[in-house]
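Visitor: I am new to reading structures. Please walk me through a few features, one by one.

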Amino acid sequence: MFNNSKGKLDKAKIFSFIPTGEYYFNRGIKAYDRFDMKQAKKYLKRAFELEPLDPIIACQLAIVHTEIGEYEESNALLKMVLEELDESLTECYYFMANNFAHLGLFTEAYKNANLYLELDEVGEFAEEAKELLDLIGIEDEEIFSELVKQDEMIDHLDQARSLLQEGAFSQAIEILKQTVKDYPELWPAYNNLALAYFYEGKTEKAFEMIQYVLEQSPGNLHALCNLAVFLYYEEKLDELEELLQALDKVQPIHFEHRYKLGATFALTGRYHQAYYWLRHLQKYGYEGDYSYYYWLAKSAYFSGNHRAASEAWEKLIDLNPALAQKEPWKVTEEAITHFENEDVTIMRWLNSEHVENRLYGIFLVSVSTSKVEIYKQLEQMDLDRFTPFEKRYLTYILQTELNPEFSSEGEIKQGHEVAMVLYEKYQAQAWERRSLLLLWFRAFFKMMENQSAITNPFALAGAVEYIWLKTRHNKKTQLEIAKEYAISTSTLRKYVRILENELE
């Protein structure tokens, strides 16, 4: 069998194989016929990358998007086919109608199904289009008018969500206030309005809005999750713990609710519960957006599932490379929305009603990796409600950025150094770091009001940590803290007394 094998090999020719769009398309169709939508999407996506002008490949990929519940992605492809590739593929209108029906946009479904039948009355999907129209059940103008209103509600919610993600809180609030006025039982609008108020620093209004939703719609999961986020950021720990224990018993049916619950657990640091729900979704074939993979990566990492964390992070990079700048276990500040940008988080602190929160926001500007975006927003921000001290502190931060040798009044420089000492010591513990810094900025503001001298940043930082730990019944001794900050216990006691007097 092996006689003269070398001679045969010498005569053999090696042909390279370069897969084409058609090759991947055929593999995608085979996977689709086996109902293996994950592989079908993979191969058809590759086929479309190789043959971006082929409308048939684009249509088949759109059908796969529909099969796995990605209706908006499907419609985007179908619209592109009709506008850019081949307007004669009228079946795209039927596919779009079907997607709109799944999204609850029945007027759009109605329009596209009718348009398909007008263009191709005996087309391949004519019967399906008629059945869809019967299912939608629009029989008269009154029903059609009602469905138009429903579409308008969804449009308003989508517009408001986009504004929230962009950090345009005031604009979102105006839209949502009108929406809840027009549709007084549209609870998602109330929930988003509560978030908008909270982002803008109007925490009392945010709590009032959530309370109203829970009174009118008891057990509203989105409202309960938003409340947990608010309690977490306001450090109302006893109430938060009680609420999280209740949420831990919830067994939601809908994927959207499971995601909301998992993301809420992730944000509040309950990583094992977060990983359970987010990973559970993935096992059922759920393919979310980049924010889903952000929370999955974070909860996986902090629950000890480092491989799953890396896989989720790689997926996020594939979906949106621009937002994958830093792994979630390395971020400088917790985000309040689902994968909120750092500049949005900082602007939320700067817009707070509480002075220590605004001071904390000013400090975050100094350690931010998004300074360009923040500076642009600061230029448009009304700083009149800032106290003179806040304006001086912000000036110090901005001037130091431009000129590291910038000389400022000693108190502000020393106070900022206290914050930096705490920030660096608690670099890996985001929640504890934020809580400590808020305590310091409360004391810092009082000391500046009382014209107290601010010296020895390490002693002040040690005193802040000791007071903070004592309020949490931590048994760390003054001797232990003094050693960590390289000061004497008598110095630590002195500064503890100073701060306790300021915080009374």
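Guide: Start with the polar contact: a pair of N or O atoms within 3.5 Å. Within protein, one must be able to donate a hydrogen and the other to accept it, and residues adjacent in sequence count only if both atoms are side-chain atoms. This is a predicted model: local features need pLDDT of at least 70, side-chain atom pairs count only at pLDDT 80 or more, and totals for chains, interfaces and linings use all residues. Residues are numbered from 1 along each chain as its sequence is written, and side-chain values use heavy atoms, without hydrogens and water.

Visitor: Which backbone oxygen lies 3.2 Å from a polar side-chain atom of Ser303?

Guide: That of Ala300.

Visitor: Is Ser303 buried or exposed?

Guide: Buried means under 20% relative accessible area, exposed over 50%, partly exposed in between (1.4 Å probe, protein chains only). Ser303 has 14%, so it is buried.

Visitor: What does Ser303 contact beyond its neighbours within four places in sequence?

Guide: Contact means heavy atoms within 4.5 Å. Ser303 touches Tyr271, His272 and Tyr275.

Visitor: How many aromatic pairs does the whole structure hold?

Guide: Rings of Phe, Tyr and Trp (its six-membered ring) pair if their centres lie within 6.5 Å. Planes under 30 degrees apart count as stacked, over 60 as edge-to-face, the rest as tilted. The search finds 30 pairs. Take Tyr233 and Trp349: their centres are 6.2 Å apart and their planes at 55°, so this pair is tilted. Both residues are buried.
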